[in-house]
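Student: I would like to learn how the labels on a structure follow from its values. Could we work through some together?
Tutor: Gladly, let us take them one at a time.

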Amino acid sequence: MSPNSLLLIFFLQTYFFHYSLSQKCPLPPRCPSISPPARPRPFPRVRPRPPLYPPSTHLMPKQPNNNPGPLANRARILFITQELKRNITSDPRNYTGTWVGNNYCLFRGYFCDTVPDRNITGLAAIDFNGARFGGNLNFYRFIMNLPDIAIFHANTNNFSGPINQNLNQLRFFYELDLSNNKFLGGFPTNVLAVQKLQFVDIRFNGYLGPVPAQAFNIDTDVLFINNNQFNRTIPANFGNTPALYLTVANNKLTGPIPRSIGRAWNTLTEALFLGNRLTGCLPFEIGYLQKATVLDFGTNLLTGPIPQSFGCLAKLQILNLAHNMFYGPIPEVLCRLPNAFNFTLTYNYFTQVGPQCRRLIRARRLNVNRNCIFGLTGQRPAAECARFFARPRTCARESSFSLIPCSLPASSMKIASPPTEDEVPGPQSYKALNKPPH
């Protein structure tokens, strides 16, 4: 090839090289951002709740117990009281010693007030909490003879028997505590027919079988059904509940946390799921719970990563995920939550922590012992971690774990100081796990 030909080829190559550099390569198409679904609508409720009686009612002032005037249903209440008294075989606190005479307002455990639709004094509340009555005591027969009752508290006794229909005939009834008694059989579904119940406590009994879906449709503020023998899965309508405080702990419940939990975003404050046999991965919808201060999923068979949506739990103070099979990095958005106080993530298979999580560890607000985090003390043996990760681990809806269904405040993107000791939270629902001595 002649020198002129070589020179021409070189010139053409140089020209096309510089021409190509002058052109901008088209950018690859951008992946569309994944937007979280809109916040679910709560189950429809009437708020504020309808009053127990018309506000226009002109009530007689509460009368003194030693001079109450005419008493509503006097003969009926005296009769059923004496029947209960005969059935009580042990009364260590001498309640029944005061159940004498015709004025039941003076009986220990009985509380009187004005009956709104009769405007005379009647029996408004029973409080036998901690009485420790012995004997075969039929709750249903007793309460159905207290027609004006509004509050019935009788934990730590020996009440038992089936709870039949017609409890909804008790027109002012709104609080029921039957915890730590001798009830057996399936869930007492007839309790759920009472329209005005705002407090339901049946923990520490012998109830078993499934929890009915209706339990999460009743309009209650408190629902404690822990420490029974309930099994099966949590109903899919779990998120319908308007309860502020809810515990299903220490039963034998199985299956996943229902995705509907996000529907309770405007009410659910404390929820305890610990001590069951729950499986599956945490739904990202938990991140909608903007009022949650306590969430406890400890001691189950749950797995998967922590959803990034947990970064939206701005009021969360206490989180327990211990003794499960969670894995992956601990999200920094979780450790940036402004009210983080006690986050227990021990006995899992987490693999990584960032700077904010390390700061919480140093402040003793985050416990990650017995995981698989390289470089931290108190972790699982490497062989134990290797055995766990040798098996493929997956979750349904994998893409949902990166969803953040809120606008994170600017402060949450900074490394904040942990709470001070004078900001110790006082959760209410954990008290429901303590069984009083019988």
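Tutor: Let us begin with histidine 153, which is found in strand β6 (residues 151-153); a strand here is a DSSP run of E with at least two residues, a helix is a run of H or I with at least four, and both are numbered from the N terminus. This is a predicted model, in which local features need pLDDT of at least 70, side-chain atom pairs count only at pLDDT 80 or more, and totals for chains, interfaces and linings use all residues. Residues are numbered from 1 along each chain as its sequence is written, and side-chain values use heavy atoms, with hydrogens and water left out.

Student: Why is histidine 153 called buried?
Tutor: Buried means under 20% relative accessible area, exposed means over 50%, and partly exposed is in between (1.4 Å probe, protein chains only). Histidine 153 has a relative accessible area of 15%, so it counts as buried.

Student: What makes the pairing of the side chains of histidine 153 and glutamate 175 a polar contact?
Tutor: The value is 2.8 Å. A polar contact needs a pair of N or O atoms within 3.5 Å; within protein, one must be able to donate a hydrogen and the other to accept it, and residues adjacent in sequence count only if both atoms are side-chain atoms. The 2.8 Å value is therefore inside the limit.

Student: Why are phenylalanine 107 and tyrosine 110 called edge-to-face?
Tutor: Rings of Phe, Tyr and Trp (its six-membered ring) pair if their centres lie within 6.5 Å; planes under 30 degrees apart count as stacked, over 60 as edge-to-face and the rest as tilted. By this rule the count comes to 28 aromatic pairs. For phenylalanine 107 and tyrosine 110 the centres are 5.4 Å apart with 75 degrees between the planes, so the pair is edge-to-face.

Student: How do you know that the charged end of arginine 393 sits over the ring of phenylalanine 388?
Tutor: The rule asks for NZ of Lys or CZ of Arg within 6 Å of the ring centre and within 35 degrees of the ring normal. The charged end of arginine 393 is 3.7 Å from the centre of that ring, and arginine 108 likewise sits over the ring of tyrosine 95, at 4.2 Å.

Student: What makes cysteine 335 and cysteine 357 a disulfide?
Tutor: A disulfide is a pair of cysteine sulfur atoms within 2.5 Å. The sulfur atoms of cysteine 335 and cysteine 357 are 2.0 Å apart, so they meet that limit. The pair joins helix α4 to helix α5, 22 residues apart. A search of the whole structure finds 5 disulfides.

Student: Why is the disulfide of cysteine 372 and cysteine 385 called left-handed?
Tutor: The torsion about its S-S bond is about -95 degrees, so the disulfide is left-handed. Both cysteine 372 and cysteine 385 are buried.
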